[in-house]
Amino acid sequence: MTFAIPFDNSYARLPDGFYTRLDATPVTEPSLVAFNSELAAELGIGEADHETLARIFGGNENPEGAEPLAQLYAGHQFGTFNPQLGDGRALLLGEVVDKSGIRRDIQLKGSGRTPYSRMGDGRAWLGPVLREYVVSEAMHALGVPTTRALAAVRTGENILREGPLPGAVLTRVATSHIRVGTFQIFAARRDYDALRALYDYTVARHYPDAADPHDLLDRVIAKQAALVAQWMSVGFIHGVMNTDNCTLSGETIDYGPCAFMDDYHPDRVFSSIDRMGRYAYASQADIIVWNMAQLATALVPLCEDQEAAVKRFTDQVHAMPDLIRAEWEARFAAKIGIAEPRAEDKMLVAELLTLMQENQADFTNTFRALSRGAGSDEFMDRAAFDGWAKRWQERIADETEPEALMRRTNPAFIPRNHRIEAMIASAVAGDDAPFHRMNAVLARPFDDQSEAEDLARAPLPDEVVPATFCGT
């Protein structure tokens, strides 16, 4: 099969005010780090040698049918509205309809300056590119809706951050890059023709049976409520849940200062720029409600009776915490082997989480140990855990196959921060083997893999990574 991408570009047919058309800035010496052949096959992308893949996914050559463009959007960043953001270091090459009939975006990240770069250079360095590749593919394997990684390419150039660092380009695949901030920019500009066009496009692409803006909001709320509950069930902290990082499709997007918790604490923050804990682990449920309120505000101008619309949108947003709570309770019940939770089960979960916090127990390893009927080794106060475990064992005696449910729900492997940092350090030194090994192990997160036990181990005190950083 010769190399080809079967583009069918619908976003490029929207009015020019939605984007700026431009090509990627060529790089000096593109070389392929990774190409996701399995994902490429899903997208109907043909085969090619490494040099061809490096040229295309490094931004040096536009594949036939591509219509590269930088998308425009706005967003609330840490609660403050920025009236114009946009793709400052990314280009949408185009779209394909995959083998399942789903339309998917193919986007380059780190491909050079755009009109929305502000003072940035439009580039990315190797560390964040490999982090996003590993974490997004791990999230997919965990069953969490997410963007995917198609390729990673070294550029052969250094870029300046805290010092010179090797440059790279990531190719990201998403069911779309339509964000809450995409709606916000046209609402803020009172460009209601563009807002209507965006609404019609979003409905046609993602929710073709949505009857009106209220129906659209309900569907996005349902997806985001489920998504955040999934994040929390695997100990994931997004780190920068701004409205420009919140998709209408309900996929996880933008793996900048993200992290998976090691020892459990509800107020855990990793993002180096989140000094007030706005996007802490337990705050994510509140923030997604806030984000949906901003989407609702942007949708108001599309409604004929705006006063009535505000009241109905308010009711919809106020109902969202109950949706998140129900999703959360179902997922955490499953994590302790309960398929059909009862009202009292939420207390059993809460007691375990409190014990984990008090004992600095590792989130992932504690829940994985439960599937073996164990877990006390994670607790300094073993007697307290044993007391909880006795009540838990009595409860799951009523369940059909609790161990099997827990093994399907509680991963053995997550992308641990200290292992990611070690992998990046190796890649910067020219050794990509740890990167490829992590991807292979994390592709089977629920399987016991004795040869990879080091990747399941929690960090030692001197290995703890206390902060993560934005990929820009």
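**Ground rules.** I worked on a predicted model, taking local features only at pLDDT of at least 70 and side-chain atom pairs only at pLDDT 80 or more, while totals for chains, interfaces and linings use all residues. Residues are numbered from 1 along each chain as its sequence is written, and side-chain values use heavy atoms, with hydrogens and water left out.

**Helix α11.** I took helices (H or I, at least four residues) and strands (E, at least two) as DSSP runs, numbered from the N terminus. I called a residue buried under 20% relative accessible area, exposed over 50%, and partly exposed in between (1.4 Å probe, protein chains only). Helix α11 covers residues 363–370, and eight of its eight residues are buried. Among them I noted Phe363, Phe367, Arg368 and Leu370. The partners are α6 (213–233), α9 (320–335), α10 (345–359), α12 (382–396), α13 (402–409) and α16 (453–456). At the N-terminal end of α11 I found Asp362 as the cap, with a side-chain oxygen 3.3 Å from the backbone nitrogen of Thr364.

**Strand β7.** I next checked β7 (residues 103–109), where six of the seven residues are buried. I counted two strands as paired if DSSP finds at least two bridges between them. β6 (residues 90–97) runs antiparallel to β7, and seven bridges join them. The two form a hairpin with five residues between them, and Gly101 in the turn has a positive phi of about 85°. β7 also pairs with β10 (residues 164–174), antiparallel, over five bridges. I looked up Lys109 on both sides: Ala90 stands opposite Lys109, and in β10 the bridge partner of Lys109 is Leu170.

**Salt bridges.** My criterion was a side-chain nitrogen of Lys or Arg within 4 Å of a carboxyl oxygen of Asp or Glu. The count by this rule is 36. Arg131 and Glu421 meet at 2.8 Å, N to O. Arg131 is buried at 6% relative accessible area, whereas Glu421 is partly exposed at 33%.

I also recorded Asp200 with Arg196, at 3.9 Å, N to O. They are four residues apart in helix α5 (residues 192–206), so about one helical turn separates them. Finally, I noted a salt-bridge network that links Asp8, Arg13, Glu95, Arg103, Asp105 and Arg205.

Notes: Contact = heavy atoms within 4.5 Å. Polar contact = N/O pair within 3.5 Å; in protein donor to acceptor, adjacent residues only side chain to side chain.
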